[in-house]
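This report goes through the chains of one model and the contacts between them. Please keep the sequence and the structure at hand while reading.

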Amino acid sequence: MLYREAGQFKTSYSADQAMLTIPLDRWFVFALAAFAIVGVPLLASEYLMVSILLPVLILSIAALGLNILTGYCGQLSLGTGAFMAAGAYLAYKIATNITWLPIWVVIPLAGLCAAAIGIAFGLPSLRIKGFYLAVATLAAQFFLLWLFVKVPWFVNDSISGVPPAPPRTVFGFQVTGAAAGDEAKYLFVLAFVIALAWIARNLARSRIGRSWMAIRDMDIAAELVGIRPLPTKLSAFAISSFYCGVAGALWAMCYINSVEPTAFDINRSFQVLFMVIVGGLGSVLGSFLGAAFIFLLPIFLNSAPGWFGYSVASDTITHIEFMLFGVLIIFFLIVEPHGLARLWQIAKEKLRLWPFPY
Amino acid sequence: METLYLIFIDPFVQMVVEPAFLVEVLIGGLTSGVMYSLVALGFVLIFKASGIFNFAQGIFVLFAALNFVGLMDLGVHPILAFVITIGIMTALAFVVDRLVLRPLVNQDPIILFMATIGIAFFLEGFGETLWGGDVRPVRVGIPDEALFWEAGFGEILVQSADLFAGVIAAFLVTTLALFFHFTPVGRALRAVADDHQAALSVGIPLNNIWVIVWAVAGFVALAAGIMWGAKLGVQFALSTIALKALPVLILGGFTSIPGAIIGGLIVGAGEKVFENYWGVPLLEGATEDWFAYIVAMIFLFFRPQGLFGEKIIERV
Amino acid sequence: MTRPGDILLSVKDISLRFGGVRALTDVSFDIHEGEIFAIIGPNGAGKSSMLNCINGFYHPQEGTITFKGAQRRQMRPHEAAAQGISRTFQNIALFKGMTTLENVMTGRMLKMRASLAEQALYIGRGRREEIEHREKVEEVIDFLEIQSIRKTPVGRLPYGLQKRVELARALAAEPELLLLDEPMAGMNVEEKEDMCRFVLSTNHELGTTIALIEHDMGVVMDLSDRVVVLDYGKKLAEGTPDEVRGNQDVIDAYLGVSHD
């Protein structure tokens, strides 16, 4: 067989610690990235690129962010939507007030602002954990959205309260706003996705990632090996909120092309949480799989009856969607807490031995 | 300067000048507070007995009310509908226990918490599929008329249904407190809450105890659902309102039944007073959305165990 | 076979109370550099509380602890770790979701200096440190003979191996003082012998000072250079194993004494 792990000897720790230790894996990821950059814009339809890939990629960033906080550091957050909103509103504010600043600087800056806000709402984690913290993040969810809606400063006193995304260019191509080209938008978002996924992997295998996991697994023991709990938790909050902020900014600027509060309500928070649970807690790959799965499931449910010639009322579909999400969450938590990412791994292991049972 | 006056002085002047309005605001707040309390009560019951933070309690309220109203709309007598709904909630408790809690026993609390979010979503979809998503009024013959109370400083308007809700809540709380302290089942529940394994080893059947406690929580949910439905109609907005039971719990302490009640009343009254005296004049209103959560967050900083909770001691 | 060295850690008149319960009362002893020091006593004598005071998890109400000449009453556990005190636990306190390698790497946590950016981009110190410390960690892994479980999540390991991984994590920090809380509890004879061997070679080859709590008297008498005996939070006796063995108070505490 072409793909195997046996016989792939590593002769240095540096090789053993590489992100993808098997050459074929490495080539596969490079090929996938190359295809995403070159192949997709050439081949994919406008619908696929703008209505499917764009939102899935952006939500993957948010899922990565939440996975850092919940999957790696073990701190539950129900405020993902609010941190995304912070990114979106502040990206708008920065982009419209400092017009000379390139948009690829504006969006990480908005992410940094979201990170600062995330730290503020992570402070209670000094004394509490688990679901107590969930309430603090709910405070972020409701308070921040209220703030962004009620304070017109954030939207430059726009009368409708829902201003359109300002048009900005990178290398002469417009990447934000309604008039931007599909390919340009897609590639712009993809650049962020690749960079942030790579950074997430690096963080997970470095000291900081290990200290997050140590806090998650046993916070008292973590303190006794010399990890300071509060800075560690706050760093997870900050980095998680940074990712969410970037996702929110991209969502507003590139996907829905306007800054509106309803895009970031509590349902968004739950949606991202589901992505993380279904995709796999503590897995970078899982964040992508989960985002794709949770985003595509409703689309599938809506169109599936049509393929078989049935028509089902849309609110019935919504109800079924809710039930299905509920069942999926419970199923994955019970059967495979490491989610789709782990299933993928198991499938690989099984395939390697196929057709022999072991 | 003027802002400072508006923040620190004016609201209190208003309260003194127009005490009747203050009392009305307080009563309005306390009555919604009773609702929060009733939802929070269900949370506390389950948390005390199983250490599980049941996010779905809010949906339980809705689901119970939906079943009750749905049955009544089918022409079932209210009392029979009540009994059937209790049966449904018990069955639900059984299913939740067998399909969700049992397989997740000994998992991290955070995992169980997320599982209850799953339960919440499932029930929301399930309830709507069964009974539809319309707002349904509850007509169980709770008298709802305006009563005027002549106080020394003016006339105050009270809804009789609100008073009724208060009485029901007080009754429920007393019963539950007695149940927990003086019945064998109540003692068993407290033992289980303390230490599962120890409880098992002295012969408490863990199998049924969780079903019982979830069923009791279902019963509390039904009571809350009927009260709430009588006030607002049974609708899905209830489930968002029910989320406010979470900050109530932070305030009252997760393990305290009186804490849940008092926490609910404080939150209910507090948010109405804040909205009327600070929110509307200074902050363009809608502060009720977040007031409870921000108060809870402040509590988390200074007194994480809440007003009545037990102090958390950690050991190596 | 006392090997006289300088005093590494000196505990003076430590008292610790939980509410009305006196866990420790006026306990004093010294631990010398390079020795194996055992704390023994019946259940509930305050042995674990003593270790918890030393590494800063509990804060005694009275008394002082002097480590490497620096006196203090209170410090946070991570500060103790930073000063060179590591420990293992009675109930294993490993990070269950992480692999053996990752667990042991957490022991190097305090020696890593890479900035967030270097870690995020895996460049410069971020990359260099990972590899340098990996080498050090591999030495510890070799030393404790756990190479084969390097990449296994520790939650899946049997009890005896988990204890060994925990020791590995403590050793990876290159501590000056190693606190072992019942390192051999719940082990069979073979595993105990292995563990004794590791404790002794840690002491002899790495020169680490060790303070341990153990119930198996055979192990204590064989391993330790000196022993302190606690009972009801008070110090009963201190000395070489032979001295302690002959002490009448100790015999009474262990065997019980008739009060007539």
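What percentage of the 316 residues in chain B is made up of buried residues? In this predicted model, the buried residues of chain B amount to 46% of its 316 residues.

## Chain B

Chain B contains 14 helices and two strands. Of the contacts in chain B between residues at least 6 apart in sequence, 74% join residues at least 24 apart.

## Contact of chain A with chain B

The contact between these two chains takes 33 residues from chain A and 39 residues from chain B. On the side of chain A that touches chain B, helix H6 (131–150) and helix H13 (314–335) of chain A each supply at least two residues. The largest share of that side comes from H13(A), with 14 residues.

Sorted by class, the side of chain A that touches chain B has 24 nonpolar, five polar and four charged residues.

## Contact of chain A with chain C

Chain A also meets chain C: 24 residues of chain A are in contact with 32 residues of chain C. Four helices of chain A give two or more residues to the side that touches chain C, namely helix H1 (13–16), helix H7 (182–205), helix H8 (207–217) and helix H9 (219–224). H8(A) provides the largest share of this side, eight residues.

By class, the side of chain A that touches chain C holds 12 nonpolar, six polar and six charged residues.

## Packing of H8(A) against H10(A)

H8(A) also packs inside its own chain. Two packed helices are described by the angle between their axes and the distance between the axes. The axes of H8(A) and helix H10 (residues 229–255) of chain A come within 10 Å and cross at roughly 110 degrees. H8(A) is therefore roughly perpendicular to H10(A), as the range for that term runs from 65 to 115 degrees.

From H8(A), the residues Ile208(A), Ser211(A), Trp212(A) and Ile215(A) take part, and they meet Pro229(A), Thr232(A), Lys233(A), Ser235(A) and Ala236(A) in H10(A). The residues of this contact divide into five nonpolar, three polar and one charged.

## Domains of chain C

Chain C is divided into two domains: domain 1 covers 1–84 + 175–260, and domain 2 covers 96–174. The centres of the two domains of chain C, taken over C-alpha atoms, are separated by 27 Å. Where they touch, 11 residues of domain 1 of chain C are in contact with 10 residues of domain 2 of chain C.

On the side of domain 1 of chain C that touches domain 2 of chain C, helix H2 (77–83) and helix H7 (189–206) of chain C each supply at least two residues. H7(C) gives the largest share of this side, four residues. By class, the side of domain 1 has eight nonpolar, two polar and one charged residues.

## Leu206(C)

Leu206(C) has its place in helix H7 of chain C. Is this residue buried, partly exposed or exposed? Leu206(C) counts as partly exposed because it has 14 C-beta neighbours inside 10 Å, while a buried residue needs 20 or more and an exposed one has 12 or fewer.

Leu206(C) and Glu174(C) are 32 residues apart along the chain, and their C-alpha atoms are separated by 8.8 Å.

## Six-stranded sheet of chain C

Six strands of chain C form an open sheet with mixed pairing, in the order E6-E7-E8-E3-E9-E10. Strand E6 (85–87) and strand E10 (234–239) of chain C stand at the edges with a single partner strand each, so one side of each has no neighbour in the sheet. From one strand to the next, the twist averages 20 degrees.

Within the sheet, strand E3 (residues 36–40) and strand E8 (residues 209–213) of chain C pair in the parallel sense over four bridges. In this region Ile36(C) stands opposite Ile210(C) in E8(C).

## Four-stranded sheet of chain C

Chain C also has an open sheet of four strands in the order E2-E1-E4-E5, with antiparallel pairing. Strand E2 (21–32) and strand E5 (70–72) of chain C are the edge strands, and each pairs on one side only. The twist of this sheet averages 15 degrees from one strand to the next.

Strand E4 (residues 62–67) of chain C pairs with E5(C) in the antiparallel sense over three bridges. Ile65(C) stands opposite Arg72(C) in E5(C).

Note on methods:
Residues are numbered from 1 along each chain as its sequence is written. Chains are lettered from A and ligands numbered from 1 in the order in which they are written. This is a predicted model: local features need pLDDT of at least 70, side-chain atom pairs count only at pLDDT 80 or more; totals for chains, interfaces and linings use all residues. Domain bounds come from an automatic or database domain assignment. Two residues are in contact if their C-beta atoms, placed from the backbone, lie within 7 Å. Ala, Val, Leu, Ile, Met, Phe, Trp, Tyr, Cys and Pro count as nonpolar, Asp, Glu, Lys and Arg as charged, and the others, Gly among them, as polar. Axes are lines fitted to C-alpha atoms, for helices over the stretch in contact, and angles run from 0 to 180 degrees between N-to-C directions. Angles under 35 degrees count as roughly parallel, over 145 as roughly antiparallel, 65 to 115 as roughly perpendicular and the rest as oblique. Two strands pair if DSSP finds at least two bridges between them.
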